[in-house]
Structure formats: C-alpha cells, structure tokens
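User: I'm new to this one and would like to learn how to read it. Could you walk me through a few features?

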Amino acid sequence: MALASLARRKAYLLSRNLSNSPADALKYSFSLSNFSRGFASGSEENDVVVIGGGPGGYVAAIKAAQLGLKTTCIEKRGTLGGTCLNVGCIPSKALLHSSHMYHEATHSFANHGVKLSSVEVDLPAMMAQKDKAVSNLTRGIEGLFKKNKVTYVKGYGKFISPSEVSVDTLEGGNTVVKGKNIIIATGSDVKSLPGITIDEKRIVSSTGALALSEIPKKLIVIGAGYIGLEMGSVWGRLGSEVTVVEFAPDIVPTMDAEIRKQFQRSLEKQKMKFMLKTKVVGVDTSGNGVKLTVEPAAGGDQTTLEADVVLVSAGRSPFTSGLGLDKIGVETDKIGRILVNDRFATNVAGVYAIGDVIPGPMLAHKAEEDGVACVEFIAGKHGHVDYDKVPGVVYTHPEVASVGKTEEQAKALGLNYRVGKFPFLANSRAKAIDDAEGLVKILADKETDKILGVHIMAPNAGELIHEAVLAINYDASSEDIARVCHAHPTMSEALKEAAMATYDKPIHI
C-alpha cells in the first residue's frame, strides 16, 4: 500500500475518536495491519487461536477473521464441524428424515391415496446419503476457512504456556502455534456409565448408533434425553423393538411437564417402551447379544433385559483431557467445566472458553453464539448470549421445541402467570395434511403479558419455535404475537391462536 494511502487510512481511524483503551488500541493496530497486509503478519503470532473446530470453534475462527484478526484453528479430528456435524446433529437428522420417509411410506401413504406394492429399507443407501451430507458440509466449512483466510491446523493441541499451543499433527509431526488470545472450544464427549464398556458394536454411543450395519431386532436405550429418544426413533421406525431405560421418573426432565406427558404418550403409540425410575446394575456381553440387569432406582427386585444392541445415552461431559489446563492454571468446576466470566475469559489472561466446555446448555447453536460473542469481546466490541433464551428441540416426530421458562420453573420462581394453549387438532393445515398431533403452550406474565415461555409439540416444531424466540428476545407480549397477521392455512396459526388464548380467547376452539 502507498504511504499516502496508509496515511489517509490512519487519519480516518483517528477521526473515529478512538480512545486510549487497550481494546481500541488493539482494534486500531489490527485495522492498520489488515488493511496494509491483507491478513498477513510480520510475526508468527496469531491474534486468535481456536482449539477445536466444532460449531463453536469454527464459527469463532471465521468471525475472528471477519473482524480482521489473524486467526488459526486447530482441530484433532481432521474434519471440521466437531461432534455435531461429524457424528451428531447432522447425521442424526439425516437418518431421522430418511427413517421418517420410510415410516410414512409404510404407515401413511395409503391414507393419501398413494399405494405401493412393496417398500423395503436399503440401509447402505440410507447410510451413504447421511455420509454424503456430512462430507459435503465439512468440505464447505474448509471452503469458508479459505475464503476468510483462517489458517487450519489438523492435530491435537495442548497448552505449553498461556500463549502457546503445541500441536501433534495428524501427519506425525509437531508444531507450536502462538496466539495473543486462545479460545478453548473442544466440545464434549459421551458420558460413560460405571461397569459398561462401549465397543461401538453391541454397546454403542450415539456415534456407533449412527453407523450400525444392520437393523437390530431389539434395541435398548439407556437414557431418555434428546439423543436417546432421537436415535431410538430412527431404529424404531426401521423395525427395531425399542426399550428406553431411564433412572429419572420422567423422560427429558428439562421439558415442560404437560408437554412431556403428551410427548411420551406419542412415542408409546409409536411402540417405544419406557422403563422409568430404573437403573442398570449389570451388563453381560458373553453371548451373541447383550443382557442388562436392571432394578428399580429406589432398589428392589432385579430384571434381565436382552438386546442385540444397547445405546448408552446418559448425557455428555466436557472434553478437556490432554489440553494441559493444569499446566497453565485454568480453573474448572467439580464436573470438569471451565469457569469463565461474562466475557468468556478464564482466570488465565488471554485464555477463553466457549461451548460445551463451559456451563450452560450443551447445544451446537449455543456454542455458535458463544463463539461470536467471545470474539467480539476480544476485538473490543460487545457480545452477549442469554442462556435463558436459547431454544431446544427434540427432532423426533412429532418434534418438541421450547424456549424460555417451563410452567414448573414459573411456579418455583413464584411468578404470577397465565397459560394459553391451542391444539393442532384445531389447526386447518395440520388437519389438511393429516398430521395434527400436538399443541402450542404459552406462559405469560399476568400483569404485563410479557411472554415467559413457549412450548410446541408438532411435526415442524423446530421451525415454528423461532417466532417465539424472537418474541422473547424482544420482550414481546402474547398480544403482540396474536395481533400479527399469520398466513392461512399454516401451522404457525396455532402459535397465534395460543397467544390469543393467553391474553384473551382463541377464535377456532
């Protein structure tokens, strides 16, 4: 760049009235450097180094680069996207959709006048479609890295100082990556259970459940959370006899109780069996299948269950092993989560953490928001994530989605609230497509009508919930939603009617 042009750029920056704060000084120096060198730097040191290329990590890296920071992302898997893209959210949704199509073909097509002489599952083809989706998306993220000039290092990184990460590369070498700011975004791993060894063949985690070579006749799922119910649904639709064993008295304990009860009844109608308040006390893999010994959670007579495959889905734990956190003194809590302040900074200067390794919902979209906010803070801007306003979705059929408070939480907080509900049985679009199971439930403050929580059980609840997410983020009232014109006939009209029921009365019931 010509000196005159550089001088004009400097004058422009000074005209923006930058203060003498470290953050503004950092922004100033980054802006000059990037403008003149096109992301290159005369030093090997990065402005930002991200350890982990999952939803939180790769998004943080791209955002950092977009803000003009020289950025490197380190990922041990060799493919970007983390658990979510490689062996979690994306492949599971692919199989959920494929298995739902098969189930519709065998159970619902005839009702719509579509008759088939025979329908069969081609499991290899189903798995190939899933794998194609994953590979295309992982390559897509690598393309985004190149587009945004993010340096990508494939290997396992560990701290050797608060500003240096030693990387054992997948090619077999070692390199040291330096950074003024380092973000830990290593995600989470399957939570193990005492006495149960996962071999990913007969006793599988969600990873193995996404890659079974044949449909098990009997599948036992340990854990009635999001992942267990989704994977149970996949194989149940394809013909497996599915039994869910859960230590707690309810499935998905974070869900609104009224919605949860209807949800369980729906899954039971799909022939999914539940053994609640039950714990696993023994496992035997000496035969061809697996034998589980279970007993009531409170103690009592033991029972033996037999299965071809057992899916262990008892939650996830933050993945921080081998990072060298103790070497640099990063503080963690009793379950291994990294402690951070409201700017995602750890107790060690220049070291940050986001996503599943810190407290909060273990959700890919939450990690993404963490990543953006964290980098904005590093760049001297303002970032914010409100964990009370992060939506959650169970991608079964029907789906269940929610945002904000459950009725149980509202009661526990002593809030004075109203409830409005509307069933999809009274929704024109749902009846027209013969898929009317579910409801919308809204909680609003009794005095102000401010929406406190929204819970939806419906075929496409994961899409419908975002109108509610937006409303809650802007402190909208139920009347605000009710007075918005919704297209007819749509499933979203059920949300409008539930809002009407919350502050006044619905029209169509």
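Analyst: Let's begin with pairing: two strands count as paired if DSSP finds at least two bridges between them. Keep in mind that this is a predicted model. Here, strand 12 (residues 290-296) pairs with strand 13 in the antiparallel sense, over five bridges. In one of the bridges, valine 290 has alanine 307 of strand 13 as its partner.

User: Which strands make up the open sheet, and in what order?

Analyst: There are three, arranged 11-12-13, with antiparallel pairing. Strand 11 (278-284) and strand 13 (303-307) are at the edges with a single partner strand each, so one side of each has no neighbour in the sheet. From one strand to the next, the twist averages 30°.

User: And how do I read two helices that pack together?

Analyst: The general idea is to describe them by the angle between their axes and the distance between the axes. Take helix 3 (residues 55-66) and helix 11 (residues 364-378): their axes come within 7 Å and cross at roughly 30°. Angles under 35 degrees count as roughly parallel, and helix 3 and helix 11 are therefore roughly parallel to each other. Their crossing is right-handed.

User: Which residues make the contact?

Analyst: Helix 3 contributes residues including Pro55, Tyr58 and Lys63, while Ala364, Glu368 and Val375 are among those from helix 11. The residues of this contact divide into nine nonpolar, two polar and three charged.

User: What does the UniProt annotation say about residues 390-499?

Analyst: The unreviewed entry labels them "domain: Pyridine nucleotide-disulphide oxidoreductase dimerisation". In the model, that stretch is 33% helix and 28% strand, and its end C-alpha atoms are 20 Å apart.

Conventions:
Residues are numbered from 1 along each chain as its sequence is written. This is a predicted model: local features need pLDDT of at least 70, side-chain atom pairs count only at pLDDT 80 or more; totals for chains, interfaces and linings use all residues. Side-chain values use heavy atoms; hydrogens and water are left out. Axes are lines fitted to C-alpha atoms, for helices over the stretch in contact, and angles run from 0 to 180 degrees between N-to-C directions. Helices (H or I, at least four residues) and strands (E, at least two) are DSSP runs, numbered from the N terminus. Angles under 35 degrees count as roughly parallel, over 145 as roughly antiparallel, 65 to 115 as roughly perpendicular and the rest as oblique. A crossing is left-handed if the near helix is turned anticlockwise from the far one by less than a right angle, and right-handed if clockwise. Contact means heavy atoms within 4.5 Å. Ala, Val, Leu, Ile, Met, Phe, Trp, Tyr, Cys and Pro count as nonpolar, Asp, Glu, Lys and Arg as charged, and the others, Gly among them, as polar. UniProt positions are given in the numbering used here, feature names are shortened, and annotations may be inferred rather than shown by experiment.
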